[in-house]
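Student: I have a new model open and would like to learn how to read it. Can we go through it together?

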Amino acid sequence: MLKLQREDKQQSPIVIVEKLYTLGSAAQNDIVIDAADIDPQHAKLVHTDSQVTLKDNDSQGGCFVNGQRVTQKVLQAGDKLRLGKAEFKVLPLSATDTRLPAVNPGWQLIADGSWLTGQIFTIEPDKRYVIGRASDCDIPIKGSHLSRRHTEVALLGGSLRIRDLNSTNGTFVNEKPISDDLAHHGDHLRVDVYSFRIVNPEREIAAARSRPQLPENNSKAPQATSGPKRWKTKPTSPGNRTEPTYPAQGSRANWIWGGIVTLLLIALAWALLP
């Protein structure tokens with residue numbers, strides 16, 4: 001898990017917990033950035049498969065990673081991110097962190113089906129939220145098969161209370177129909193064809209803290225040895241093939257002269273034969 005720390009420390013660290021974050025100067029963004037050259041909808045962060053990808057939204061001020069302008073880039077711990085004039089450091093989530101605020105303080109309903117996919121709805125304490133087709137609902141969804149006032153959700157202790165409001169097509173938690181029940185972190189809520197993952201950001205952060213911290217470089221460092229260094233050579237190098245052996249220089253001359261003498265004696269013997 002990664003977090004963004006603004007260089008000027010004007011904002012608390014932003015822990016990347018959810019699947020999608022929008023960034024910009026407009027108030028409806030998940031991450032509102034008050035700085036020069038920030039477009040209303042400047043960029044977004046997409047969190048999938050343990051990767052966080054920055055995607056530029058055709059902004060005027062641009063998105064830069066390590067000084068290079070990008071339209072799309074997978075972020076890594078240690079990267080330096082600049083959006084317009086706002087600069088951020090990309091940091092790993094440390095087990096020693098004491099302040100780990102999520103972007104939103106309450107629980108979240110994260111849409112993971114239909115055209116709502118990626119949208120985040122925050123459920124704050126001490127408030128009831130009505131989901132339905134009517135425009136005056138707290139979470140209005142324009143669905144033709146959704147009841148005008150379909151479902152009510154509210155925080156209750158460490159759970160999310162979900163109450164069906166006599167809807168036509170029912171309310172489901174983990175695909176089981178309910179009338180009034182408690183849901184927990186990681187459960188799924190479905191109203192008609194619209195489904196949501198129920199998230200308690202504090203639980204997400206606690207899970208990240210409990211994961212072992214991997215070193216930045218997973219390759220094994222070479223082991224130090226007390227003896228001389230042994231170099232690895234290719235199969236064709238002299239160190240890996242058997243070289244022919246030759247006699248010493250003096251011995252080689254003796255062999256040559258011996259051969260000559262032997263040939264002369266043979267020739268002389270043939271000449272003396274009758």
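Student: Among contacts between residues at least 6 apart in sequence, what share joins residues at least 24 apart?

Tutor: In the protein chain, that share is 39%, where contact means heavy atoms within 4.5 Å. Keep in mind that this is a predicted model, where local features need pLDDT of at least 70, side-chain atom pairs count only at pLDDT 80 or more, and totals for chains, interfaces and linings use all residues. Residues are numbered from 1 along each chain as its sequence is written, and side-chain values use heavy atoms, with hydrogens and water left out.

Student: How many helices and strands does the protein chain have?

Tutor: Helices (H or I, at least four residues) and strands (E, at least two) are DSSP runs, numbered from the N terminus. Here there are two helices and 22 strands.

Student: Which residues have the most contacts inside the largest nonpolar core?

Tutor: A nonpolar core is a set of buried Ala, Val, Leu, Ile, Met, Phe, Trp, Tyr and Cys residues joined through side-chain atoms within 4.5 Å. Buried is under 20% relative accessible area, exposed is over 50%, and partly exposed is in between (1.4 Å probe, protein chains only). The largest core here has 24 residues, and those with the most contacts inside it are Leu 4, Ile 33, Leu 45, Leu 54, Leu 75, Leu 81 and Leu 83. Strand S11 gives the most to this core, with three residues. Another core, of 23 residues, lies apart from it and includes Ile 123 and Val 191.

Student: Is Arg 6 buried or exposed?

Tutor: Arg 6 counts as buried, because its relative accessibility is 4%. Arg 6 lies in strand S1 and touches Ile 33, Ala 86 and Phe 88, among others.

Student: What does the side chain of Arg 6 meet in a salt bridge?

Tutor: Side chains of opposite charge can pair when their charged atoms come close. A salt bridge is a side-chain nitrogen of Lys or Arg within 4 Å of a carboxyl oxygen of Asp or Glu. Arg 6 meets the side chain of Asp 8 this way (3.0 Å, N to O), and Asp 8 is partly exposed at 40%.

Student: How many salt bridges does the structure hold?

Tutor: Five. Another one joins the side chains of Asp 37 and Lys 85 (4.0 Å, N to O). Asp 37 lies in the loop between S4 and S5 and Lys 85 in the loop between S10 and S11, so the pair ties together parts 48 residues apart in sequence.

Notes: Lists of a residue's contacts leave out its neighbours within four places in sequence.
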